[in-house]
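Here is a short tour of one protein model, written to be read with the structure open beside you.

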Amino acid sequence: MSFQVFGIPVSRGVAIGRAVLVASSRVDVAHYFIAEAQIESEIQRALRARDVVAAELEALKQDLPGDAPHELAALLDVHLMLLHDDALTGATKQWIIERHYNAEWALSAQLEVLARQFDEMEDDYLRERKADLEQVVERVLSALAREQGHAPVDAASVVQRDFAGEDPLLLVAADIAPADMMQFKRSVFHGFITDIGGKTSHTAIVARSMDIPAVVGTREASRLIRHDDWVIIDGDAGAVIVNPSPIMLEEYRFRQRQSELERARLTRLRHTPAVTLDGERVELHANIELPADAAGAIESGATGVGLFRSEFLFMNRGGELPSEEEQFIAYKAAVEAMRGMPVTIRTVDVGADKPLDRMSASELRHEHVLNPAMGLRAIRWSLAEPSMFRQQLRAIYRASAFGKVRLLIPMVAHLGEVRQILESVKKVQQQLTDAGQAFTKVDLGVMVEIPAAAVMLPLILRHVDFVSVGTNDLIQYTLAIDRADEAVAHLYDPWHPAVLQLLSRSIAESVAAGKSVSVCGEMAGDPVFTDLLLAMGLRSFSMHPSQIPSVKQRILRADAARLARVLPQVLASEDPQREAQAVFASHKVTHSLQ
Ligand code: PEP
Ligand code: MG
């Protein structure tokens with residue numbers, strides 16, 4: 001039966017393929033693809049874990065005291081029976097063989113399938129056995145996690161399966177932690193659908209950086225969609241069509257071809273400098289998450305990296321932090337790949353919806369930290385761990401010997417923080433000099449993401465070389481809207497007059513102070529806001545590489561002086577979005593953060 005689910009469109013385009021469900025388990029489950037040669041050993045891992053659990057259950061049964069209620073022994077028998085049932089073991093094996101899933105993923109995928117069968121059972125007693133099945137699977141997952149010598153993979157080691165000739169796969173999940181997204185980054189998925197999340201949640205940002213269609217905040221897609229269902233993701237409308245009719249399928253295939261043609265047309269702008277009609281030159285930089293993304297930045301025609309989100313180097317490491325050497329190698333790789341163009345490395349920004357490991361935003365919110373977005377995040381965490389902070393600074397400074405490096409600090413709100421940062425920088429420079437390590441001048445910048453920083457920017461500007469406005473967080477903190485919470489996604493409004501005031505003041509004050517200013521939040525990559533940002537005097541944008549061509553096209557058609565003249569009308573309006581549409585460019589752009 002065909003049906004539709006609606007959510008928030010976060011990454012545009014159309015994807016058509018088969019659904020792959022990623023189960024949300026209480027146990028931390030790694031999802032990655034294994035190589036052909038690993039299939040047998042992965043099956044053996046799964047079987048070993050099953051045997052360990054079987055032995056545990058047998059031992060529990062033996063140890064039951066004589067007066068234990070007999071239901072307890074019967075329950076253990078049920079668990080043992082479920083454990084050995086071919087519907088669990090045999091099918092798990094099939095997921096490993098056919099899809100190359102790792103054992104944990106295969107097991108949780110099969111749990112998902114069986115859980116639905118239990119849900120559909122008429123008999124109350126049988127239906128309730130679902131909870132037993134979940135317990136059994138969680139025991140096996142724990143046994144897998146305990147297994148000695150099996151390190152969870154990091155993003156770099158995820159096996160890229162060759163799916164040529166097979167149906168495209170679309171990922172469906174209740175929630176995907178940014179750490180997990182990184183693992184999928186270079187894998188096979190052609191689209192993402194999640195139950196929770198907002199337009200600028202980090203999961204959405206990573207999906208956009210992969211340039212594949214995604215819809216988040218669907219609330220129940222992962223409950224309604226089944227493994228292997230045919231699914232269309234309409235990343236422009238935020239719609240998910242499950243088991244589409246042949247006519248619908250044909251219509252979307254046509255749209256898919258059209259957008260591919262449009263992309264191909266835009267890539268021809270790659271080597272065209274971004275200059276407005278009245279001759280204003282604009283820098284279009286790239287946002288990257290891993291050094292390997294620099295290749296995409298070059299390919300898209302970026303003139304530098306405006307935001308290297310270094311925290312992704314810190315994820316999926318089982319709590320261990322990357323060493324100075326490891327970080328240095330990663331930063332150097334990005335710097336060298338950019339061939340002399342500037343690389344802005346942001347110090348680690350973990351916390352809020354970006355925990356170090358694969359805990360999801362909702363888990364973090366509900367179980368661990370009272371209010372993570374307002375907690376020990378970004379520079380607050382770095383300053384609370386001074387040796388970790390200096391280690392990262394040393395790695396960044398050392399990379400400066402290989403190209404143009406800029407240092408960017410996230411979430412600054414206090415002048416005291418700026419002073420502490422400057423002290424750390426000084427100390428690190430001394431340490432490197434003492435150790436005979438080479439480095440060159442590194443410009444220091446801070447992100448304007450907290451309204452306090454925007455309001456007191458002239459004071460901050462005295463101490464730094466540049467600023468970068470992080471509109472994702474600036475909007476979140478100005479409007480008190482959790483950017484990852486779909487329940488308030490309709491209130492996340494980049495056009496809110498308060499946001500526009502803070503943004504335009506930040507740009508104007510930086511320009512007046514003679515300091516360079518950039519915007520690296522999602523607004524910068526959305527062509528709907530290009531005229532507005534140009535009107536505010538912005539001449540440096542940083543965005544996902546895939547967004548550069550359409551923003552550049554917008555810049556090439558803009559008259560910056562004319563836009564600046566009508567800006568006061570937009571800022572004074574009670575409905576800035578409508579006013580902007582009326583007074584800015586005459587042609588229409590369809591994609592918006594709105
Ligand atoms: C922002 O807040 O706009 C930003 C670019 O940083 P992040 O999205 O990583 O929080
Ligand atoms: Mg931010």
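## The magnesium site

Glu-449 has a relative accessibility of 2% and therefore counts as buried, since the cut-off for that label is under 20%. Please keep in mind that this is a predicted model. Asp-473 also comes out at 2% relative accessibility, so Asp-473 is classed as buried.

What do these two residues coordinate? Glu-449, through OE, and Asp-473, through OD, coordinate the magnesium ion (ligand 2) at 2.0 Å. Glu-449 sits in the loop between β13 (443-448) and α17 (451-455), while Asp-473 belongs to helix α19 (residues 471-479), so the pair ties together parts that are 24 residues apart in sequence. Not counting residues up to four places away in sequence, Asp-473 touches Arg-377, Glu-449 and Arg-483.

## Arg-483 and the annotated binding site

Which residues does the record mark here? The unreviewed UniProt entry places the feature "binding site" at Arg-309, Arg-346, Asn-472, Asp-473 and Arg-483.

Arg-483 lies in the loop between α19 and α20 (497-512). With 5% relative accessibility, Arg-483 counts as buried. Its contacts, leaving aside neighbours within four places in sequence, include the run Gly-198, Lys-199, Thr-200, Ser-201 and His-202. Also among the contacts of Arg-483 are Arg-377, Asn-472, Asp-473, Gln-476 and Tyr-492. With Thr-200 there is a polar contact to look for: the side chain of Arg-483 reaches the backbone oxygen of Thr-200 at 2.8 Å.

How do α1 and α6 pack? Helix α1 (residues 39-62) meets helix α6 (residues 129-146) at an angle of about 115°, and their axes are 8 Å apart. The crossing of α1 past α6 is right-handed. On the α1 side, the contact is made by Arg-45, Ala-46, Ala-49, Arg-50, Val-52, Val-53, Glu-56, Leu-57 and Leu-60. From α6 come Arg-139, Val-140, Ala-143, Leu-144 and Arg-146.

## A buried serine in a strand

Next, have a look at Ser-542, which lies in strand β16 (residues 540-543). Is Ser-542 buried or exposed? Its relative accessible area is 0%, so Ser-542 is buried.

The side chain of Ser-542 makes a polar contact of 2.6 Å with the side chain of Asn-287. Not counting residues up to four places away in sequence, Ser-542 touches His-285, Ala-286 and Asn-287, among others. Further residues touched by Ser-542 include Gly-306, Leu-307, Ser-518, Val-519, Cys-520, Gly-521 and Ala-524.

## Two positive phi values

Most residues other than glycine have a negative phi. With that in mind, here are two places to check in the backbone. His-100 has a phi near 65°, a positive value in a residue other than glycine. His-100 lies in the loop between α3 (86-99) and α4 (103-119), and at 5% relative accessibility His-100 counts as buried.

Arg-339 also has a positive phi, near 45°. Arg-339 is found in the loop between α12 (324-337) and β11 (343-346). Where His-100 is buried, Arg-339 is exposed, with a relative accessible area of 65%.

Definitions and conventions: Residues numbered from 1 in each chain as written. Chains lettered and ligands numbered in written order. Predicted model: local features only at pLDDT ≥ 70, side-chain atom pairs only at ≥ 80, totals over all residues. Heavy atoms only, no water. Donors = N, O, S within 2.8 Å, 3.2 Å for Na, K, Ca; no water. Helix = DSSP H or I, 4+ residues; strand = E, 2+ residues; numbered from the N terminus. Buried < 20%, exposed > 50% of the residue type's maximum accessible area, 1.4 Å probe, protein only. UniProt positions renumbered as here; feature names shortened; annotations may be inferred. Contact = heavy atoms within 4.5 Å. Polar contact = N/O pair within 3.5 Å; in protein donor to acceptor, adjacent residues only side chain to side chain. Axes fitted to C-alpha atoms, helices over the stretch in contact; angles between N-to-C directions. Left-handed = near helix turned anticlockwise from the far one by under 90°.
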